[in-house]
There are 2 protein chains.
Amino acid sequence: MTKAELIFQIKQKQSFLCVGLDTDIKKIPTHLLELEDPIFEFNKQIIDATKDFCVAYKPNIAFYESMGVSGWNSLHKTLDYIPKNIFTIADAKRGDIGNTSDMYARSFFKNMNFDAVTVAPYMGSDSVTPFLEFDGKWTILLALTSNKGGLDFQTFKNENGKQLFEQVLEISQTWGTDENMMYVVGATRTERLSEIREIIPNHFLLVPGVGAQGGNLQEVAKYGMNQDCGLLVNSSREIIYSGNGTDFAEKAGNEAQKLQQQMAVILSEAGI
Amino acid sequence: MTKAELIFQIKQKQSFLCVGLDTDIKKIPTHLLELEDPIFEFNKQIIDATKDFCVAYKPNIAFYESMGVSGWNSLHKTLDYIPKNIFTIADAKRGDIGNTSDMYARSFFKNMNFDAVTVAPYMGSDSVTPFLEFDGKWTILLALTSNKGGLDFQTFKNENGKQLFEQVLEISQTWGTDENMMYVVGATRTERLSEIREIIPNHFLLVPGVGAQGGNLQEVAKYGMNQDCGLLVNSSREIIYSGNGTDFAEKAGNEAQKLQQQMAVILSEAGI
C-alpha cells in the first residue's frame, strides 16, 4: 500500500486506528477452543467486527510463533482474511546481518504479503536496508518504545546531548524515505513527540501504548499529528479482550468504534 | 546446559567451535532436493560429519522461517537430532515488550528446547529479562556485531567517551549472571575485545564473523579468551557450504576439523 492510499483510507474512515492482533490461546473465549483453529476463528470475528473502524491490523508475531506450526497456519489464514484496503503490519522486531535480514523480509513481504514489518535498529544500516528493497512495502523502525526499559539505551546521550533514538531517526532517514519507512514511538513518550516531529516531519509514526500501557490519544495527536495525520495509533488488549463471552467480537467492535469516534473528532478539528 | 558442562565439553573436545546452520535451500547440493525434507537431510549429514569437532550448533532462524511451515518442521527435527552434549543456540535476535519477549522465550526454550537464544538489547531490561527466567537456559545479548552497520549505533559515545555497546555490557550485567548470559561480539572487532574483557571478564562470548566476514581466530583468542576459554567461535558458510557434491558433508567435516585443530593448539597453549 502506498502512502497516498493509506492517507486516503484514513480520511475515508476518519480513523487512524491500528488493531493489534496479539491473539493468545490462554485469553480467548473458551467457547472457541472447541473449533479446529481457535486463533483464526477469534481473529476472523475480531476483523469482521472492527474492520470499519480501523485502517491497519498488526499481528504480534511472537504470539503465533509460540504456537508452532499451527500458529503460522493461523497467521497465514488471518492475513488472507484481512480486507485488501487495510494496511497490515508484522510486529516482528527483526534485524540481522544483510543476508539474514533479506530472509526475514522475504518471509513477511513475499510469503505472507504483509505491507510492513517492524525492525530493530541496533545492528545498523545493512540490517535494515534489505527490508527497504521490496517495492510497495514498508519498514517500521523502532525509535522510542513505550516500555519501561525503552529508556535504558534509547535515551543514551552523546556529548552534544543528542540521544540514541534521535541518532536513529537522523541516520536512518538516509536509508529510505517517508514513502517506505515509518517509526515506532510509544504513546507513553508524548513529551518527546514534538522533538521527534522536528527531525521527521513527514514520516508516519506507529504509536503503541494507548490504553493498557498508559498513553493518551489526545496527547499523541496534539504533539504527533502532521498535515497528513501521520499517525497509526495501535490498541491491542483493550479492544480484542474487551469481552470474553460469545459476544466478545461485538464488544471489541464497540471499543474500536469508541476510539474511531474520538479520532474522527481529532481529524475533523485538524481539517483532515 | 550449565556453564560447567559447557566448559567440560570444550576441554573434552579441545574445541570452542560453533557450527552455524544457515541452511539455505538455494545453496544445498541439488541431489538433496529430491528428498522429502532436504533442509533436515542436509543438517543431519552436516551434524554427523561435524559433531566431534564442535561444541555448539547455531541454526539461523530466518532461514527456517523463510520456508514457512515446512521450515519450522525441519528446524524441530534438526533440534531433536543434535546430540544432547552439544549446546544449541537459536540465532533469532528477538526482543520486544515483556509479555511478547516471554512468548518468544517459550517458543525457543520450551517448544524447541534450545539452550540459548540471541536477543537484541535496543528495548532494554524488560525486553531481555523474560528470557532470563528459564532455568538452565541462556540469553545471548548483542553487544558489538560483526557487520558493517554494527558501527552505526553501537559505538555511539556519551560525554564520558563510553560507547553504547559498553553501556549495554554494563547495564545488562545487573539483569543476569555469567551462568545465564553471554554476549555477541563480532570477530571483526578484535581490537575491542580487550576493553570488553575488562567489563565482562567471566562471561562467555559468542563470536561470529571468523572466515567469510574476515575475522581471525588467533586474534580472537589472543584478546578474547579467559581462564575458562570463554569463547564460542562461530563459522557457518565456510563449513556447511565447503562442498556441493555428494561428498558435501565429508568436506564440511574436514573444514570443522581444521578449525578444531587450530583451537586445540590455542587451548593447549593456554593450559585449558
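How many residues of chain B are in contact with chain A? The notes below start there. The model is predicted.

1. **The contact.** On chain B, 46 residues are in contact with 46 residues of chain A. Six elements of chain B give two or more residues each to this side: helix H3 (61-65), helix H4 (69-81), helix H5 (98-111), helix H6 (125-132), helix H7 (150-153) and helix H8 (164-172). H5(B) supplies the largest share, seven residues.

2. **The make-up of that side.** What kinds of residue does chain B turn towards chain A? There are 18 nonpolar, 19 polar and nine charged residues on the side of chain B that touches chain A.

3. **A covered strand.** Now look at strand S4 (residues 116-119) of chain B. Both of its faces are covered. Ala116(B) and Thr118(B) are buried on one side. Val117(B) and Val119(B) are buried on the other.

4. **The first neighbour.** Strand S3 (residues 87-94) of chain B pairs with S4(B) in the parallel sense, over three bridges. Find Ala90(B): Val117(B) in S4(B) stands opposite. S3(B), H5(B) and S4(B) make a right-handed β-α-β unit. H5(B) is also the helix with the largest share of the side that touches chain A.

5. **Another neighbour.** S4(B) also pairs with strand S5 (residues 138-144) of chain B, in the parallel sense, over four bridges. Here Val119(B) has Leu141(B) as its bridge partner. S4(B), H6(B) and S5(B) make a right-handed β-α-β unit. H6(B) is another of the helices that give two or more residues to the side touching chain A.

Methods: Residues are numbered from 1 along each chain as its sequence is written. Chains are lettered from A and ligands numbered from 1 in the order in which they are written. This is a predicted model: local features need pLDDT of at least 70, side-chain atom pairs count only at pLDDT 80 or more; totals for chains, interfaces and linings use all residues. Two residues are in contact if their C-beta atoms, placed from the backbone, lie within 7 Å. Ala, Val, Leu, Ile, Met, Phe, Trp, Tyr, Cys and Pro count as nonpolar, Asp, Glu, Lys and Arg as charged, and the others, Gly among them, as polar. A residue is buried if 20 or more other C-beta atoms lie within 10 Å of its own, exposed if 12 or fewer, and partly exposed in between; C-beta atoms are placed from the backbone. Two strands pair if DSSP finds at least two bridges between them. A crossover is right-handed if, with the strands pointing away from the viewer, the path from the first strand over the helix to the second runs clockwise.
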